[in-house]
Amino acid sequence: MSSSAAVPAGRRRWRIGIDVGGTFTDLVAVPGDDTSWSLADAVTHKVPSTPHDPSEGVETGLAQLLERGIAVEDVAAVAHGTTIGLNAILQGRVARAALVTSAGHRDVLQIARARMPRSFDLHATPGRPIVPREHVLEVAHRFAADGAAVGTGVDDAELARLVERLTALAPEVVAVSLVGGYAAREAEQQLADRLAAALDVPVTSAAAVWPEAGEYERTTLALLDAQITPLMTGYFTALRERLHRLRVDARVYITTSNGGSVSIESAMRRPVQTVLSGPAGGVSAAATAWPGTDMVTVDMGGTSSDIGVLRGGRPVLTTTATVGPHPLMTPVVEVSAIGAGGGSVISADRSGARPVLRVGPASVGAVPGPAAYGAGGTQPALTDAYVHAGVIDPATFLGGTFPLRADLATSALAGVATDLGEGSTENDTGPDGVVDAALRVASVGMAARLRTVLAAHGEVPERYTFVAFGGAGGTHAALLADEVGVRRVLVPAAAGTFCALGAAIAPIRRDVARTVRTVVAERNLDALTTSAAELEREVLDWLRTQDVAATGTVTLSADLRYAGQPTTLEVVLAERSTEVGSAEPLRLAVEPVLRRFAEQHDKVHGFTDTTAVVRAETLRASVSVRLGEVRSGHGGAAFVKTGARDVRYDGTPRPASVHTLGPDGEVSVTGPAVIEKADTTVLVPAGWTATSDDGGNLHLVRDVTDNGEG
């Protein structure tokens, strides 16, 4: 199955983005030779995913996309987002690993951060460590904070004994994480190299993966990287072979968890950087398409809604993300998920004194799917609520290629009303009451998570624009916006393939870090400047391996805190063009750094302390190179009225006009209205007005004078 217009006539270079999902593999081709292009120029395609071998679906989809008029020799690059590593970690389908660490620290994985899984449950048991204790071996070697070696070291005799013990364990991969190894990267890497030569299995140095203090987090990250290395290397090799069969001789990039992309060679060397790239794809696409804008991305799919934040057009990153129970200390796009998607189950919870209606977190999945799918599902989902409410037309769902059964949706919703029992508000009005409550519960739950995410950064929703994508994003976005007081909603063109678009246009990006742990003062300025300059050279040296000619930006920052404070704030120190790079000496000044820290601390925590000592814990550097500019303006497609029907979204049926996009029609639509697209249905409630730009994106704006009564 596919969508979007045909490939325009004429020769041009193309950059193809691929996103492999659980149900579909999405492909998007965008111009790769122009510095400026519109989202309307993108060519999209969807094929069923092939879980037994995801690269098979990629080959099939890419072959069909090329058949639509893209010449093989015109493919400049292929960028691929994948959740293979993430799924392998969550499902435990990883390589058998062993860990080598310093004497006395064999229990680093069991102790972790010495926190109970549930703070107030005295019977809670800790989760299983990523590697069992019997697979952790010790050596009498560690490093001080300044990188000086402590202990007897690993001589040839000790190495032989260590190799013998590891051989008996028969690991498929080995990780080396010595205490203080972050301050002695070369020394730790030397031990890893010696073991790799003796064992003939991949050996990963924790300091090479991420040289930052935090023994448990750094060790876990190295083990995750090692455990998925054989799987990811095999997949990337298969991907290359399939591209070769299609005669696609183009640069191949893999999207990463920080919202960027790297060459396939870089991804092979450090596959752990790809594990959370899926949710980051849509955030990255929004950042590239609408730079400089404060936005909240809402990716509402079948199982959940992923919420991301962009400040000034830049994704908010975090170093406290997790994969299951395991921490990821590298910078990743901060995305918060809530179990409210088109497939989220609507049910009656009778565990309390009075039955209550719940939405999610369980999902009906793609099979059997919502009751309206007619595939045997009997549990109603949010999609069934949209159908019964008149928001989704069963006959035009997915462009008419997937007709739905409204009668089955209504029957399933009636069953929930019965389960709620006599006297409940929802049961008093049958399926209508269930729909009203379900839409309200979903909106309130998403709003609560959104407010929490923004409050953690000292922000409020009202100053942000929603960017809604995914199959149900445009359907629910305005309802969520009303709940939190947001006035602007943007539904991108091809919202259903927006994450694949994110892969196609993700910037080339790399992050590095170094622990410094020093006071921010004039006496330490030279040392801080030297360390920052070395990090800058490191990311610039890496960039030269990525075969990118465009100019980008190097951002230098530091994690700062008041002395005695347990948490840090990341503060930008400097931003420099990659053309300048290390050609011009880096100059840092103490006063601007302290001022920016004070401003940020006041915004997040509500106070500053000008008398307190400020400490720098970690220096960070990132390089980012944008790949072209996305042009977006106004005066695009018009709204063609195709009919009218009653819709209910706030407890009251309302007559709503129904529209599609076309070359001739109205320039704007005022709600209540429904806009039907091939990949999503967009609800325009009362008090909202929708327009379209020349990229095919829909802009919804709420009239602040409207009281919501229409």
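Predicted model: local features only at pLDDT ≥ 70, side-chain atom pairs only at ≥ 80, totals over all residues.
I started with the rings: Trp290, Phe469 and Phe498 are linked into a cluster by ring pairs. My criterion for a pair was ring centres within 6.5 Å for Phe, Tyr and Trp (its six-membered ring), with planes under 30 degrees apart called stacked, over 60 edge-to-face and the rest tilted. Numbering runs from 1 along each chain as its sequence is written, and side-chain values use heavy atoms, with hydrogens and water left out.

**Ring pairs**

I searched the whole structure and got five aromatic pairs. Tyr373 and Phe397 make a tilted one, 6.5 Å centre to centre with 45° between the planes. That pair links distant parts of the chain, 24 residues apart: Tyr373 sits in the loop between β23 (356–363) and α10 (382–388), Phe397 in the loop between α10 and α11 (406–420). Helices (H or I, at least four residues) and strands (E, at least two) are DSSP runs, numbered from the N terminus.

Next I checked burial, taking buried as under 20% relative accessible area, exposed as over 50% and partly exposed as in between (1.4 Å probe, protein chains only). Tyr373 comes out partly exposed at 25%, whereas Phe397 is buried at 15%.

Then Tyr562 and Phe597: their ring centres are 5.0 Å apart and the planes are at 75°, so I logged the pair as edge-to-face. Tyr562 is in strand β27 (residues 553–562) and Phe597 in helix α17 (residues 590–605), so this pair ties together parts 35 residues apart in sequence. Tyr562 is buried at 7%, and Phe597 is buried at 1%.

What does β27 pair with? I found eight bridges to strand β28 (residues 569–577), running antiparallel; strands pair if DSSP finds at least two bridges between them. Asp559 stands opposite Glu570 in β28. The two strands form a hairpin with six residues between them, and Gly564 in the turn has a positive phi of about 90°.

**Asp294**

Last stop was Asp294, in the loop between α9 (277–289) and β14 (295–300). Its relative accessible area is 17%, so Asp294 is buried. Its side chain makes a polar contact with the side chain of Arg463 at 2.5 Å. For that I required N or O atoms within 3.5 Å; within protein, one must be able to donate a hydrogen and the other to accept it, and residues adjacent in sequence count only if both atoms are side-chain atoms. A polar atom of the Asp294 side chain also lies 2.6 Å from the backbone nitrogen of Gly312.
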